[in-house]
Amino acid sequence: MTNINDFNFKSKKVLIRVDFNVPLNEKLEVTDHTRISAAKPTIDKVLADGGSVILMSHLGRPKGKEDKYSLKNIADKVSDIIGVDIIFSEECVGDIATKKASELKNGEVLLLENLRFHKQEKEGDRDFAKQLASLSDFYINDAFGTAHRAHASTCIIAEFFPKDKCFGKLLAMEIENIDKVLKDSQSPITAILGGAKVSSKITVIDNILDKIDNLILGGGMAFTFIKALGGNIGNSLCEDDKLDLALDILEKAKQNNVNIFLPVDVLAADNFSNDANTKELDIDKIPDGWQGLDVGTKSIAIFDKVVNESKTILWNGPLGVFEMSTFSKGTIELGKSIVSATSKGTFSLVGGGDSVAAVKQFGFASGVSYVSTGGGAMLEMLEGKELPGISAMNKAYVSDNNHTI
Ligand code: AMP
């Protein structure tokens with residue numbers, strides 16, 4: 001795939017698919033602008049070359065047009081971060097968008113209304129994609145968070161730019177960092193998977209078992225393994241229909257010489273609440289009425305040693321119910337171990353919604369090598385799937401829309 005730095009965008013109108021799906025509070029103010037800031041390097045490059053920028057994104061899950069999901073709500077924030085006054089188009093396609101795009105001058109930035117106000121976006125409608133494409137000379141995809149969706153603006157649109165398209169800086173960096181783990185990582189390689197359910201991570205585990213040396217399993221999903229091995233897990237989270245699957249994973253790990261580290265102890269609670277009564281117990285001796293909501297002290301020490309002896313680390317999913325302070329210690333201590341390993345030269349990749357939230361909440365983001373912005377997209381890459389938004393960019397199309405740069 002062509003690198004963005006191989007292009008000069010002087011006097012070009014460049015349509016950039018960004019992921020501005022940012023959280024808003026009840027006053028419709030942006031509460032976390034990470035995703036807007038993450039798109040800035042690509043926007044800066046086009047503007048610095050002397051081109052103009054047309055930004056398109058989705059926001060939330062609107063059912064038709066809903067004011068609270070209008071991208072107008074974030075226009076001021078985008079202006080602040082990009083450092084250029086944003087021109088807003090109340091439509092993403094049609095007469096208004098066409099007029100505003102055609103009037104756009106070099107150095108200006110146009111923000112289109114929410115793509116998902118049109119159901120054709122998620123349907124991957126070809127005509128809708130063509131209308132979007134007609135606004136510009138060049139297409140950049142910089143939205144990693146939606147790269148696993150074959151939507152009009154993330155995938156189908158690539159067809160209308162046979163040559164004049166490339167990944168944005170963010171998307172290129174995401175691919176590069178995930179490839180560092182999957183393709184050219186240094187051993188020992190340790191994957192740490194936590195979170196609620198085995199079922200949502202099973203394909204990832206399956207795809208990475210032949211690439212890693214150590215697998216640390218924590219969070220709610222660990223209990224399915226412990227029960228499958230004959231332990232008493234009390235009222236802890238468990239997927240009873242996945243017990244055989246858990247044993248299969250353990251067997252496959254053995255065949256691949258992967259060391260599996262399950263927690264040996266837990267912080268158990270007598271109910272799912274921050275002020276529940278708690279006690280540390282062996283993970284396989286949890287009585288009825290108690291549930292494991294965090295890993296225990298011995299497990300933290302074991303995981304710390306494994307992490308600090310690793311050269312490559314992949315972390316997805318918290319080790320406990322980190323949203324409640326009483327059960328956040330395992331996740332915090334793991335974060336500290338990863339930061340410590342990273343400071344000694346280990347490459348650490350953190351991704352997936354909840355682990356990213358934990359890393360940010362506890363202030364570890366700057367201490368790890370890379371924090372991936374796309375939860376679902378990252379997991380699908382780790383599962384070994386080809387993402388539609390990425391493969392569409394790599395295809396050579398013969399198109400009826402003859403863009404050149
Ligand atoms: P996931 O989306 O699968 O990564 O799961 C993340 C969620 O798992 C977080 O909201 C955690 O609170 C939850 N979680 C982690 N450990 C446990 C546990 N031991 N019991 C119940 N939920 C847990």
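I started with the cysteines: the sulfur of Cys92 lies 17 Å from the closest cysteine sulfur, the one in Cys155, and that is too far for a bond. I noted that a disulfide is a covalent bond between the sulfur atoms of two cysteines. With a cut-off of 2.5 Å between the sulfurs, my count came to 0 disulfides.

Next I asked myself: is Cys92 buried or exposed? I found Cys92 buried, at 1% relative accessibility. Cys238 turned out partly exposed, with a relative accessible area of 24%.

Then I checked the confidence. The protein chain averages a pLDDT of 93, and 97% of the residues score at least 70. I marked residues 398-405, where pLDDT stays under 50. The model gives that stretch 23 contacts beyond four places in sequence. My reminder to myself: where pLDDT is low, the predicted coordinates should not be read in detail.

On to the sheet. I traced 6 strands in an open sheet with parallel pairing, ordered β3-β4-β2-β1-β5-β6. Which strands stand at the edges? I wrote down β3 (86-89) and β6 (165-167); each has a single partner strand, so one side of each has no neighbour in the sheet. From one strand to the next, the twist averages 25°.

Note on methods. Residues are numbered from 1 along each chain as its sequence is written. This is a predicted model: local features need pLDDT of at least 70, side-chain atom pairs count only at pLDDT 80 or more; totals for chains, interfaces and linings use all residues. Side-chain values use heavy atoms; hydrogens and water are left out. Buried means under 20% relative accessible area, exposed over 50%, partly exposed in between (1.4 Å probe, protein chains only). pLDDT is the predictor's confidence in each residue, from 0 to 100. Contact means heavy atoms within 4.5 Å. Two strands pair if DSSP finds at least two bridges between them. Helices (H or I, at least four residues) and strands (E, at least two) are DSSP runs, numbered from the N terminus. Axes are lines fitted to C-alpha atoms, for helices over the stretch in contact, and angles run from 0 to 180 degrees between N-to-C directions.
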